[in-house]
Every structure is written in structure tokens, then in C-alpha cells.
Amino acid sequence: MPLPIVYHPRYSAPLPSSHRFPMAKFRLLHALLLQRRWIRPEQVHTPLSICRRDIERVHGRHYHQAFSRHQLDRSALRRIGLPASRELVQRTWLAVGGTLLTARLALRHGIACHLAGGTHHAHPGYGSGFCIFNDCAVAAAALLADGVVRQLMVIDLDVHQGDGTAACFAADPRVFTLSAHAQSNFPLRKGESDLDIPLPDGTDDELYQQAIGDRLPEQLDAIRPDLVLYNAGVDPHRDDRLGRLALTDQGLLQRDRLVLDACLRRSIPVATVIGGGYDSLEPLVERHALIVRAALEQARLYAI
């Protein structure tokens, strides 16, 4: 079975040319994977927008309606950092639907990759740091509510702490949140994940592997989740504009291999999202492609 890929052409909503969020990366990543023949069109699944019932398992109706109707106040929009538009609303609801679809495909096939997602700074009642709805939190809550899974783990290796995800599940033992991140980076006030691994500025490939290499397998053995949602943010890269760590391309690839292998060797399905990354588009898209490369390798290795 070919590796399931989830993508929608409306993920790249228009932004002002001066905006620092690299919105075109979703479209370019999809094009790059097809151009290299790493994926074929027939293995790409197109999501529907997340339904309101599932959004409201995490986000209050007042908040999601205010966002969707362009009624958020200036302070709330500034905290999110993205200008309101009809296209942004549409892509936001689609991307959350995409992560839920990816999770369902992973449960069916063992592994699946979303070419978006990882909006981990979104809290139940507000957005932050380019994150409006918390896609992994909504997907986890929907699967739990449907009785498809009983225990999940969110492995968040974006350079920024997954504070919103931690807040969403602070009182829910059915979702174990793990975040390895730059200690001195955004957000200033960190949340409290079930396991936080704060890393000093300048952490390189070797030190990073040491930091997560033992603790991740230990947690998987202890928690035994029915599904892992993996945020493979590439902003730990040494050239990232908003990161403080010093991983190389090879270090990111090794990280992704480590996570996927740790899950699949335990027969734990894993759904991946691409998370953050802030650099010129060409090198950034190359880095985001690494998680798909690692997933293809691991799918072959485990005959998925």
C-alpha cells in the first residue's frame, strides 16, 4: 500500500508579500514530492473541512465563530499574527480536517503524512504564534470521542514548545504530551507538557539525539499509545530564522527516522504533521520533505 499523503491545494492561502509566515511552502512541498516521484497523485488524499462538532471538542463556539466571521478583536489577531481573510478561514478548517484524516489513515495503514498541520500554540480559547485551531488536539479529541482509540501520544519536536497542546490536555490522561524544544525560545511563558525536554541554545545533532534517543522509547513503552501524532517541525535547523538550535539537514532526517522507527517497531501507528520552519522557501521545503523521505523508508522497512 503506498504511503498515504494528505494535502489540499487551498492550504497556501494568500498573504501580503512582506509577511514572514511562509504560506507557499505547502503548495511547493506537494509539488516537490511529485516532481521527485517520491509520491504519486493517486496516493494523495484530499481532506474535507473539520466539522463544527469536532472543533468544539477543543475550541469554544464563541472563539471559532468569531474567527470564522472575522469578528476577532485587534488584540486577538495580533496574537495570532495572521491577517484575517476568507481564504485563511477556509484553509484553517481544511487543515484541521487534514490532520484528522491523516490520523485515521495512519490507524488503517500504520503510517500517514500530512503536508500541513502542527498548529500547537493554539489554546482552547485563543490562537497564538501563527496557530488558530490546534489540529493535533482536535484530531486526538475526535478519535477519543469516537472510541477509535483509548490512549494517544503527541510527540512535538518543533523548536517551540507545544504550549497550546499541553493546555488542551492538561486534565486528560488519555493524551500524553511530549515536547522537546529550545528552552529560551517562544513562548516566553511555557506550558506544562506531560514530558518537557528543554534544550539549550546551540544544541547540535549529537546532543539532540542523546536528549530524545532514550527518553522517547521509554515513554512509548510506558504509555503504549494506540496512535502517535508526530509534529516534525524543521525549525530546530541551524539556519532557521526563528530557531535557536543547530541541527543540520542530516540531523533532522535522523531525528525523524528515530521517531518513526521507535513507533513502528512497537506496532504503534504514527501520523505526521510538518510543523514550523522559517527560512527561504527553497531550503525550507527541502527540509519539510525529509519527514516524507523518512516515512517512505520506514514504510518499506516495516513492509507497511
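Q: Of the 304 residues of the protein chain, what percentage count as buried?

A: Buried means under 20% relative accessible area, exposed means over 50%, and partly exposed lies in between, with a 1.4 Å probe and protein chains only. Here, 59% of the 304 residues count as buried. This is a predicted model, where local features need pLDDT of at least 70, side-chain atom pairs count only at pLDDT 80 or more, and totals for chains, interfaces and linings use all residues. Residues are numbered from 1 along each chain as its sequence is written, and side-chain values use heavy atoms, with hydrogens and water left out.

Q: What radius of gyration does the protein chain have?

A: The radius of gyration is taken over C-alpha atoms, and the globule rule is 2.2 Å times the number of residues to the power 0.38. For 304 residues, a compact globule would come out near 19 Å. The protein chain has 17 Å, which agrees. Its C-alpha atoms fill a box of roughly 50 × 40 × 40 Å along the principal axes.

Q: How many helices and strands does the protein chain have?

A: Helices (H or I, at least four residues) and strands (E, at least two) are DSSP runs, numbered from the N terminus. The protein chain has 11 helices and eight strands.

Q: What share of the contacts with a separation of 6 or more comes from residues 24 or more positions apart?

A: Contact means heavy atoms within 4.5 Å. In the protein chain, residues 24 or more positions apart account for 75% of those contacts.

Q: How many residues of helix H6 are buried?

A: First, the general idea. An α-helix has 3.6 residues a turn, so residues three or four places apart point the same way. Now the case. Helix H6 spans residues 135-145 and is mostly covered, with 10 of its 11 residues buried. Among them are Asp135, Cys136, Val138 and Leu144. Just after H6, Gly147 takes a positive phi of about 75°.

Q: Which residues is Arg255 in contact with, leaving aside its neighbours within four places in sequence?

A: Arg255 is found in helix H10, residues 249-264. Its relative accessible area is 0%, so Arg255 is buried. Its contacts include Leu157, Tyr208, Gln209 and Tyr230. Ala232, Gly233 and Pro236 are also among them.

Q: Which residues does a network of salt bridges link?

A: Arg52, Glu56 and Arg61 are linked in such a network.

Q: Is Asp54 buried or exposed?

A: Start with its salt bridge: the side chains of Arg53 and Asp54 meet at 3.9 Å, N to O. Asp54 has 5% relative accessibility, so Asp54 counts as buried. Arg53 has 53%, so Arg53 counts as exposed. Arg174 forms a salt bridge with Asp172, with the closest N and O atoms 3.0 Å apart. Asp172 is buried at 18%, and Arg174 is partly exposed at 38%. Then take Glu42 and Arg40, whose side chains meet in a salt bridge at 2.9 Å, N to O. Glu42 is exposed at 59%, and Arg40 is partly exposed at 42%.

Q: Where does Pro187 lie?

A: Pro187 lies in the loop between strand E5 (175-182) and strand E6 (195-199). Most residues other than glycine have a negative phi, and most peptide bonds are trans. The peptide bond from Phe186 to Pro187 is cis, with omega near 0°.

Q: What is the phi of Arg224?

A: Phi of Arg224 is near 50°, a positive value in a residue other than glycine. Arg224 is in the loop between helix H9 (215-223) and strand E7 (227-231). Its relative accessible area is 43%, so Arg224 is partly exposed.

Q: What is the phi of Ser267?

A: Ser267 has a positive phi of about 60°, although it is not a glycine. Ser267 lies in the loop between H10 and strand E8 (270-273). At 66% relative accessibility, Ser267 counts as exposed.

How values were computed
Salt bridge = Lys/Arg side-chain N within 4 Å of Asp/Glu carboxyl O.
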